Amino acid sequence: MERRQLGTTDLELTAVGVGTAPIGSGRDWPVWWGPQDDAASIRAIRHALDLGVNWIDTAPFYGWGRAEEIVARALEGRRGDVLVFTKCGTFPAETGSRMDLSPGSVRADLEASLRRLRTDRVDLLQIHDVDPSTPIEETWGELQRLVEEGKVRHCGISNHPVDLIERALAVGPVGALQYQYSLLHRVHERDVIPFARKRGIGVLTWSPLAAGFVADDFDLDSLDADDFRRTHPFASLDLGLLRSTLASIGARHQRSAAQVALAWVLSHPTVAGAIVGIRGEGEADQLPGAADLRLSETELEEIESAAP
């Protein structure tokens with residue numbers, strides 16, 4: 001599978017990586033993806049790796065540690081072959097979650113992740129969301145110390161505005177930026193993506209399939225009654241034209257609509273990798289076909305004109 005350099009780091013990633021938010025989902029977590037069997041999750045991860053995928057993105061937030069524990073079990077005996085990315089700063093609260101990126105919390109959160117992941121170092125540690133109570137300079141200084149100590153190879157930023165990224169850069173290097181980006185969520189084409197391109201920072205995209213809404217077999221009515229996607233803003237969109245366009249282009253290439261949607265995301269020159277939340281071996285099978293699909297300029301324009 002094709003590999004891309006992550007910005008100016010020494011990390012070379014396959015165009016797609018395994019996302020673990022869905023497999024970490026639990027009833028005690030704010031985002032419920034429906035029931036998931038741990039054994040199926042482990043098989044899905046291992047199958048993706050067997051197909052050539054070389055990185056996994058996870059977080060303590062995903063099921064409050066459950067996803068990281070599943071990743072550790074899936075990587076037993078093959079940790080050295082896989083790049084592991086995680087995050088820090090999100091903690092349970094009475095209603096949902098809270099952010100704490102104070103230096104002590106960042107360090108404690110990483111130590112807990114290392115224990116769950118059964119490893120002594122992660123390849124990328126990302127601050128998850130904004131903590132308005134902690135100056136980013138303090139947070140970023142602590143992440144640089146964790147790099148110096150060998151517990152982290154590179155540091156990344158997720159879901160922060162550009163001005164905070166600039167402040168972090170004044171303290172130390174930013175290895176990656178992780179943001180939501182898909183055919184249904186393109187707001188960052190106006191801020192983060194051009195900034196990343198100018199500064200040479202690689203972008204990782206989360207939810208590149210718009211939580212599954214762009215897939216040709218997506219059926220809202222078949223979801224679990226409490227699945228968060230039933231009340232998602234995308235659920236109110238008319239996606240018929242987009243789905244049929246993706247399916248039509250996919251047929252030309254013998255690919256699925258989801259693979260075409262992923263290829264559209266990966267066609268952006270600043271995108272180093274797309275994080276795809278897989279839940280079974282069948283979904284893992286889709287990854288290589290998305291990673292190596294090259295769309296023409298005409299096809300890209302056709303897709304964009306069909307998007308709502």
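The lining of the largest pocket draws at least two residues from each of α1 (21-24), β10 (176-180), α9 (257-266), β12 (271-277) and α10 (281-285); helices (H or I, at least four residues) and strands (E, at least two) are DSSP runs, numbered from the N terminus. The structure is a predicted model, in which local features need pLDDT of at least 70 and side-chain atom pairs count only at pLDDT 80 or more, while totals for chains, interfaces and linings use all residues. Residues are numbered from 1 along each chain as its sequence is written, and side-chain values use heavy atoms, with hydrogens and water left out.

The largest share of this lining, three residues, is supplied by β12. The space in the largest pocket amounts to about 1,100 Å³. Of its 44 lining residues, Pro22, Trp33, Ala211, Gly212 and Gly277 are the closest to the centre. Here a pocket is an open set of points on a 1 Å grid over the protein atoms alone, where a 1.4 Å probe fits, with protein on both sides within 12 Å along at least five of seven lines; lining residues have an atom within 4 Å of a point. The volume is the space filled by probe spheres set on the points, which are joined across faces, edges and corners. By class, 21 lining residues are nonpolar, 15 polar and eight charged (nonpolar: Ala, Val, Leu, Ile, Met, Phe, Trp, Tyr, Cys and Pro; charged: Asp, Glu, Lys and Arg; polar: the others, Gly among them).

Zero disulfides were found in a search of the whole structure, a disulfide being a pair of cysteine sulfur atoms within 2.5 Å. The cysteine sulfur closest to that of Cys88 belongs to Cys155 and lies 8.7 Å away, too far for a bond. Cys88 is buried, at 1% relative accessibility (buried: under 20% relative accessible area; exposed: over 50%; partly exposed: in between; 1.4 Å probe, protein chains only). Cys155 is likewise buried, at 4%.

Seven aromatic pairs are present, defined by ring centres of Phe, Tyr and Trp (its six-membered ring) within 6.5 Å, with planes under 30 degrees apart counted as stacked, over 60 as edge-to-face and the rest as tilted. One of them, Tyr181 with Trp264, is tilted, at 5.4 Å centre to centre and 35° between the planes. This pair links distant parts of the chain, 83 residues apart: Tyr181 lies in the loop between β10 and α7 (192-199), and Trp264 in helix α9. Tyr181 is buried, with a relative accessible area of 3%, and Trp264 is buried, also at 3%. Phe213 and Phe218 form a tilted pair, with 4.5 Å between centres and 40° between planes; both residues are buried. Phe61, Tyr62 and Trp64 are joined by ring pairs into a cluster.
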